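Trainee: Could you walk me through this one, step by step? I'd like to ask things as we go.

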Protein chains: 2
Amino acid sequence: MRVIFTQELKMVADNLDRMSNGVHLAIVKAGQALLNTDIDAAQEVIDGDDQLDKLENSILEHCVKLLAQQSPVATDLRVVVATIRLASTFERMGDLARHIAETTRRAYPNSAIIDQTREIFEKMQEFDATVSAELTSILNTRDTELAEKIIVNDDVLDNLHKQTFDIATSDSWEGSRQQIIDLVLLGRYYERFGDHAVSVARMLIYMVSGFDPTKQPQLEKDQEVSNK
Amino acid sequence: MRVIFTQELKMVADNLDRMSNGVHLAIVKAGQALLNTDIDAAQEVIDGDDQLDKLENSILEHCVKLLAQQSPVATDLRVVVATIRLASTFERMGDLARHIAETTRRAYPNSAIIDQTREIFEKMQEFDATVSAELTSILNTRDTELAEKIIVNDDVLDNLHKQTFDIATSDSWEGSRQQIIDLVLLGRYYERFGDHAVSVARMLIYMVSGFDPTKQPQLEKDQEVSNK
């Protein structure tokens, strides 16, 4: 019985790895689409999102089957429950990469970003691409220190997000109203992607250690800039 | 054993009702804050969101305990797994109501919306308030027809959301750049709230009938306007 469970859990874990890696590839390609006005890359991200949705459904079904047939307890149960929640968050991250690609496609053949904000979006892209690669790595290494680093670094993205609003409302702003709309939407997508990465990092700590980092006082609950 | 399980499941269900009702109250009050520039209402929503986060954690812990101690199968298992996912979605809906309140607070003493878009935001508010009340009702009545109605009506909100962009880019737009930023953010919050309501409706159908409506071809997967 234990051997079967471990084998089946391994299959679910492989699918979760696939999702995590798929999300990383989606954000990398979405960034390529946005920053290079690359319509083919945008279309690939949009078309590929369906695959992530299917992986989520498959993981969910598999986890429910595991719970029904094997009645896991302790660490195994924690892993199964965390996996259900992780798959759902990865699915959302994939949606956000798709939204970046869709915004790129809508603006095409123009760029969805103007020169004034390019550097900020390059940094946000770099941040989300890095953090999504780190999540894939943590899934394999179970390196909770790296997960903690992701949680602590969250305000880097919030600050970049805030800068986009500062530029759009400054006297020097050179874009159109449509470009403000795109700036706000894109900023929000990048920032939400990062927020989800933080919540994945938290779940991974919980999965590995059974310790819930939302209950650690020094780690502030993820706050969004949201133009407060 | 069965009696204990049913009692404990009832406790979790009561907490889920509380969350659903709390989300409804939060969006009603957030709308009051936004549409009447009511800073006290805004602050209440912001302060009250913590309660929804705590309810989610409590539901999750309780569900994991139920899975560990009672090893539910069939319908009971489906209810427990759906409950974990529902609580997580309600938590996100509460966050979105909080974001609406935060945007109101940031703009105060000015209104975060201008007269030109007031009617659209009134309609979005009405939509989200109604749909969140319907979710609370479905949790008790298990009325899957009402849940299906929520899924089908999703495009009403998408159309309203699209109208906000049309106004902001039209020649007649009378607002500032900051007001475009607020319009985009608020539109996104309302639209996401509605999207989450649709996904709750889908999960409730799954919970009640075991039927996964994401697999029904005529029900399109929730698509967001996202300024595509």
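Mentor: Let's start with a term: a salt bridge is a side-chain nitrogen of Lys or Arg within 4 Å of a carboxyl oxygen of Asp or Glu. Now the ground rules: this is a predicted model, where local features need pLDDT of at least 70, side-chain atom pairs count only at pLDDT 80 or more, and totals for chains, interfaces and linings use all residues. Residues are numbered from 1 along each chain as its sequence is written, chains are lettered from A and ligands numbered from 1 in the order in which they are written, and side-chain values use heavy atoms, with hydrogens and water left out.

Trainee: How many salt bridges are there between chain A and chain B?

Mentor: Side chains of opposite charge can pair when their charged atoms come close. A:R85 forms such a bridge with B:E56, with the closest N and O atoms 3.5 Å apart. Over all chains the structure holds 30 salt bridges, while the count between chain A and chain B is two.

Trainee: What area is buried between chain A and chain B?

Mentor: Start with contacts, meaning heavy atoms within 4.5 Å: 45 residues of chain A touch 45 residues of chain B. Buried area is the accessible area (1.4 Å probe) that two parts lose on being put together, summed over both. Carbon and sulfur atoms give 58% of it here, and the total is about 4,100 Å².

Trainee: Which residue of chain A comes closest to the rotation axis?

Mentor: Superposing by least squares on the C-alpha atoms of residues with pLDDT of at least 70 in both copies, a rotation of 180 degrees with 0.0 Å of shift along its axis puts chain A on chain B, with an RMSD of 0.0 Å. That is the relation of a two-fold axis. The same surface serves both copies, as 100% of the contact residues of chain A recur in chain B. At 2.7 Å from the axis by its C-alpha, the residue you want is A:S71.

Trainee: Which parts of chain A does the pair A:E44 and A:K29 tie together?

Mentor: The two residues form a salt bridge, with their closest N and O atoms 2.6 Å apart. Helices are DSSP runs (H or I, at least four residues), numbered from the N terminus, and strands are runs of E, at least two. A:K29 and A:E44 are 15 residues apart in sequence, so the pair ties together helix 1 (residues 2-36) and helix 2 (residues 39-70) of chain A.

Trainee: Are A:D95 and A:R98 buried or exposed?

Mentor: Their side chains meet in a salt bridge (3.1 Å, N to O), and both residues lie in helix 3 of chain A, three residues apart, about one turn. Buried means under 20% relative accessible area, exposed over 50%, and partly exposed in between (1.4 Å probe, protein chains only). By that scale, both A:D95 and A:R98 are buried.

Trainee: How many residues of helix 3 of chain B are buried?

Mentor: This helix covers residues 74-107 and reaches 50 Å from its first C-alpha to its last. The expected span is 1.5 Å times one less than the number of residues, and the helix is close to its expected 50 Å. It is mostly covered, and of its 34 residues the buried ones number 29.
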